[in-house]
Amino acid sequence: MDTMNTNDTTDFIDLTELWQDGKYTQVGDALRPLNARQVAEFCAYFSKYMGVGQLEILHKFIWVSGVFPSSLLGRVPHTF
């Protein structure tokens, strides 16, 4: 899953299945090259099908694991 240009929905399904299988590192690796719009679209999809609780866990994973540089995340305060 080098890019998400061909079929975002299929890629989102694949990423969601990886998450459900506990392959969090692979999800992080797949998200790393994406731009902010693509990540936001994935998060909207993920929340719809996995629920807000899992989205919050994904958010913590992204923040703690350093999937994205702080410049992309901005200076928005976070709480855990």
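Predicted model: local features only at pLDDT ≥ 70, side-chain atom pairs only at ≥ 80, totals over all residues.
Biologist: How many helices and strands does the secondary structure of the chain contain?

Modeller: Helices (H or I, at least four residues) and strands (E, at least two) are DSSP runs, numbered from the N terminus. Here there are five helices and zero strands, giving the pattern α-α-α-α-α along the sequence.

Biologist: At what angle do the axes of α1 and α2 cross?

Modeller: Two packed helices are described by the angle between their axes and the distance between the axes. Axes are lines fitted to C-alpha atoms, for helices over the stretch in contact, and angles run from 0 to 180 degrees between N-to-C directions. Angles under 35 degrees count as roughly parallel, over 145 as roughly antiparallel, 65 to 115 as roughly perpendicular and the rest as oblique. The axes of α1 (residues 8–20) and α2 (residues 24–31) cross at roughly 150° and come within 7 Å; the two helices are therefore roughly antiparallel.

Biologist: Which residues of α1 and α2 meet?

Modeller: Contact means heavy atoms within 4.5 Å. Leu-15, Leu-18 and Trp-19 of α1 meet Tyr-24, Gln-26, Val-27, Ala-30 and Leu-31 of α2. These residues divide into seven nonpolar, one polar and no charged (Ala, Val, Leu, Ile, Met, Phe, Trp, Tyr, Cys and Pro count as nonpolar, Asp, Glu, Lys and Arg as charged, and the others, Gly among them, as polar).

Biologist: How do the axes of α3 and α4 cross?

Modeller: They come within 7 Å and cross at roughly 140°, and α3 and α4 are therefore oblique to each other. Phe-42, Cys-43, Phe-46, Ser-47 and Met-50 of α3 make the contact with Val-52, Gln-54, Leu-55 and Leu-58 of α4.

Biologist: Which residues touch the most other members of the largest nonpolar core?

Modeller: A nonpolar core is a set of buried Ala, Val, Leu, Ile, Met, Phe, Trp, Tyr and Cys residues joined through side-chain atoms within 4.5 Å. Buried means under 20% relative accessible area, exposed over 50%, and partly exposed in between (1.4 Å probe, protein chains only). The largest core has 16 residues, and Leu-15, Val-27, Leu-31, Phe-42, Leu-58, Ile-62 and Phe-68 touch the most other members. Helices α1, α2, α3 (36–50) and α4 (52–65) each supply at least two residues of this core. Neighbours within four places in sequence aside, Leu-58 is in contact with Trp-19, Val-27, Leu-31, Phe-42, Cys-43 and Phe-46.

Biologist: Is Pro-33 buried or exposed?

Modeller: Pro-33, in the loop between α2 and α3, is exposed, with a relative accessible area of 54%.

Definitions and conventions:
Residues numbered from 1 in each chain as written. Heavy atoms only, no water.
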